[in-house]
Amino acid sequence: MKHSLHPGAWWLWALGLGTAASRTTDPLLLLLIAAVAGYVVAARRTDAPWARAYGVFLRLGLLVLGVRMLFFALLGSAIPGTHVLVTLPQVPLPHWAMGIRLGGPVTAEGLLFAAYEALRLAVLLACVGAANALANPARLLRSLPGALYEAGVAVVVALTFAPNLVADVQRLRAARRLRGRSERGVRALLSVGVPVLEGALERSVALAAAMDARGFGRQAGVPRRVRLATAALTLAGLLGCCVAAYGLLGADGATWALPLLGVAALAAGGGLVLGGRRATRTRYRPDRWDARAWLVAGSGVVVAAGMVWAGSGYGDALNPPPVPLAAPALPLVPAALVLLGLLPAFVAPAPAKRSSATATAAEEARK
Amino acid sequence: MITFESVSVRYADAAAPAVSGVDLKIPEGELCLLVGPSGSGKSTLLGAVSGLVPHFTGGELRGRVTVCGRDTRTHRPRDLADVVGTVGQDPLGHFVTDTVEDELAYGMESLGLPGDVMRRRVEETLDLLGLAELRDRPLVTLSGGQRQRVAIGSVLTVHPKVLVLDEPTSALDPGAAEEVLAVLQRLVHDLGTTVLLAEHRLERVVQYADQVVLLPGDGQQPVVGSPAEVMAVSPVFPPVVALGRAAGWRPLPLSVRDARRKAGPLRERLSSVPVPAATATEATGEPLAVLDRVGVRRDAVRALDGVSLTLRPGEVTALMGRNGAGKSTLLGSLVGLHTPSSGTVSVGGLTPHRAQPRTLLAQVGLVPQEPRDLLYCDTVAAECAAADGDGGATPGACRALVEHLLPGIGDDVHPRDLSEGQRLTLALAVVLTARPRLVLLDEPTRGLDYAAKARLVTILRELAEAGHGILLATHDVELAAELAHRTVILAEGELVADGPTAEVVVGSPAFAPQVAKIVGEGPWLTVPQVVDALGLS
């Protein structure tokens, strides 16, 4: 935690890489982006449990890739191709299902196109995974304004409950074995459902009691007038935003909708600030947005902006046409831009490296 | 600091009040210990101090509870958060954030303390509790004793005047318990904090108490007094008090040190008494289970490393060692929950992790640390019927076992509504229904009062006499001394001691029972042994 980077910086960097990935289907470029994200994660992640998120998201990405290819092979695609790899038996469908095809020829062009599209999604997931691995999502929520604090806590509690739930399921499935029943299969999973939910409920009640006893939800005495003003500002702001959005979508609203949107946003913001007065909370060691945070976030933004700019000049290189078949090429300028995303691996503070397992053992030994 | 004025609490669906007519004054800077059997209302009294009773639990509170001059009827728990710090039985259930430092700061953030004050107090508390090296660690990676210290630290940072703790040492190994108690004593002595704690393991805490409140249960009035006075009449007492009572020592010693001073004559008489022939004759017979240089890895940690152990029928073996030493892993690998990475496990000729759960059931049964994990059904009767089916026993066998082990458990009760002791008995009966030759128990005495513990000892002795092999993992040195023929000590996944209990535990500061510490020389481990030898009482 000491000298750790502002979590917002990591998220901006990761979102920048994600934006860059969403602008291209060139597989080499996409793999380069995933490699950049992976290198930074490997270089700068800690030993905390959430730091394993990158691997989980990578696996999720591979799953997406596989599912997408399977669906392509079954349903076909609109890409006209000449290189037929294999012809699946086609299922005849009634005429009301026209336009849908089940089975039939699978072309190399179509398969490649589907793979590129899926790869893009997988790389996006990898970028989100990188953000999760590098910045504790709970710490990001700590940077929320005071009025939204309670919503943030709800999310944090939910985030910590998921791993607990998984541990409960594993423990109870193991206990099934102790009763002489099989711990594998769907039935085993279903039979532990009720006890797991009971356990989760009990744990939430215990946590609520603990939080209450530790002062959660204490409120400062705020004058009635301020409370009323808060409610009025928030309500008016949200209403104004809705009306302005309606106007912007309509044909003739542009003249009055834009100013209204501005005023409404101000009112809602004022409501949040006033609402924050009721919360007596302070923040322990808030994350500072320092020069390194600027550099990390900046590198992500530059990669994203560069890729958007390259979209006009290198259109074909970034989105190679599926027909005719050709080996993908690596456009040099965009690739160089993507490499800028490596900056955090050098400027972000290095984590104190030590395996949590050996640390526990050392700690125990010391006692 | 804390006053109870004729306080009664009755929960919504309860027939009788949980506590009634409690009058109590706890002055500032005292360590007050609540003792009493399960269900006598200890947790209710603790909850009334922090305001969780009745604001959070519901129910009706009569009379008046004031803390630091604040009436808990008009102050919700969050309004008392700056004067009362509460730590429940399970520290993990207490944590709101995910790292040590954030957890210590959480309470102060809620109270809105300025940043520089928070920073200073976190540093002070890290030092006070010896947590400085753990400050960045995620809470889930901490050991039991570390978690308990973090939980205490997390309420200390707001500088509460009163600290309320529910069984702070029950789940801890002897060393970690000492650590936590040392911290509490330091708080009382140095900072003048008032500490109110409930604890079943009296042998660990009673010598630190300034005042003891005995809740006899059954609606009787609480007995309040100095520890020595209350222990003289209490139905629950640690071995040191039992020995003191039997030997007629006045005033009653509460600590091993006090007792040793008075024990000179006793020691002399004991040295002239012939040492009883070792009751634990070397157990013979076909081994029930053999572990041969077993290693188990869990999450890249060596949980077990080259452990060799043979378990025979009729023998009670205690498995001891600090939290995280690999005790549960050893039990788990005997029932096939873990696959050994090296070495072999053989239970009745079967390899547990490859055997069908059903065939294994007749060889070995495990009562897990949380007996509730074993119970799925919504009534005791349904649970017993399911156990008969699982174990291939005649219908009614499990129910008859429950009735034999602990009469008076209703058929329609939900297993969740049973007391800790009843639930353990039900789980044990479920396991025994399949008539396993080897019975394993993981921390069976956690949360049990002395009466439930005594009953468990009787049951396990009967089982051993009937030829079952028993292996129990425990932190409870007194239980091991009373029950176990043989003691095995694990450290860091390795077996460091294995032999007759009297030889292994005597001389070990952590694992010796109180009687052994008082009497010193000789194989004396329990009060009954000494009493029988000298013809006292």
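## A walk through chains B and A

Start in chain B of this predicted model by selecting strand β1(B), residues 2-10, together with β2(B): the two pair in the antiparallel sense over five bridges. Zoom in on B:V9 and you will find B:V19 of β2(B) standing opposite.

Now widen the selection to the sheet around that pair. Four strands of chain B make up an open sheet, ordered β2-β1-β4-β5, with antiparallel pairing. At its edges lie β2 (19-26) and β5 (70-71) of chain B, each of which pairs on one side only. Strands of a sheet pair through backbone hydrogen bonds, so displaying those bonds is a handy way to follow the order.

**The whole of chain B**

A box of roughly 65 × 55 × 50 Å along the principal axes holds the C-alpha atoms of chain B. How does the radius of gyration of chain B agree with that of a compact globule? A compact globule of 537 residues would have a value near 24 Å, and chain B agrees because its own value is 24 Å. Of those 537 residues, 55% count as buried. If you draw the contacts in chain B between residues at least 6 apart in sequence, 69% of them join residues at least 24 apart.

**One residue in close-up**

Next, select B:G365, which has its place in strand β15 (residues 364-367) of chain B. Is B:G365 buried or exposed? B:G365 counts as buried because it has 28 C-beta neighbours inside 10 Å, where the cut-off for buried is 20 or more. Leave aside its neighbours within four places in sequence, and show what B:G365 is in contact with: B:V431, B:L432, B:A434, B:P436, B:V439 and B:L440. Then try the distance tool between the C-alpha atoms of B:G365 and B:I470: they are 105 residues apart along the chain and separated by 9.8 Å.

**Across to chain A**

The contact takes 54 residues from chain B and 42 residues from chain A. On the side of chain B that touches chain A, the elements giving two or more residues are α3 (77-80), α4 (100-111), α5 (115-128), α14 (357-361) and α15 (380-391) of chain B. Highlight α4(B), which gives the most to that side, with eight residues. Colour this side of chain B by residue class, and it divides into 26 nonpolar, 17 polar and eleven charged residues.

**Inside chain A**

Move on to strand β1 of chain A, residues 84-91. This strand is hardly covered, and the count of buried residues among its eight is zero. Five bridges join β1(A) to β2(A), residues 102-107, and the two run antiparallel. Within this pair, A:T87 stands opposite A:P105 of β2(A).

Colour chain A by domain next: the assignment gives domain 1 (1-143 + 288-354), domain 2 (144-217) and domain 3 (224-276). The centres of domain 2 and domain 3 of chain A, taken over C-alpha atoms, are separated by 39 Å.

Finish by colouring chain A by pLDDT. The average is 82, and 93% of the residues score at least 70. Confidence in chain A is highest in helix α2(A), residues 27-44, at a mean of 93, and lowest in helix α15(A), residues 356-366, at 42. Over residues 354-367 of chain A, pLDDT stays under 50, and the model has 14 contacts beyond four places in sequence for this stretch. Where pLDDT is low, the predicted coordinates should not be read in detail.

Conventions
Residues numbered from 1 in each chain as written. Chains lettered and ligands numbered in written order. Predicted model: local features only at pLDDT ≥ 70, side-chain atom pairs only at ≥ 80, totals over all residues. Buried ≥ 20, exposed ≤ 12 C-beta atoms within 10 Å, placed from the backbone. Pairing = 2+ DSSP bridges. Contact = placed C-beta atoms within 7 Å. Nonpolar A, V, L, I, M, F, W, Y, C, P; charged D, E, K, R; others polar. pLDDT = per-residue confidence, 0-100. Domains from an automatic or database assignment. Rg over C-alpha atoms; globule rule 2.2 N^0.38 Å.
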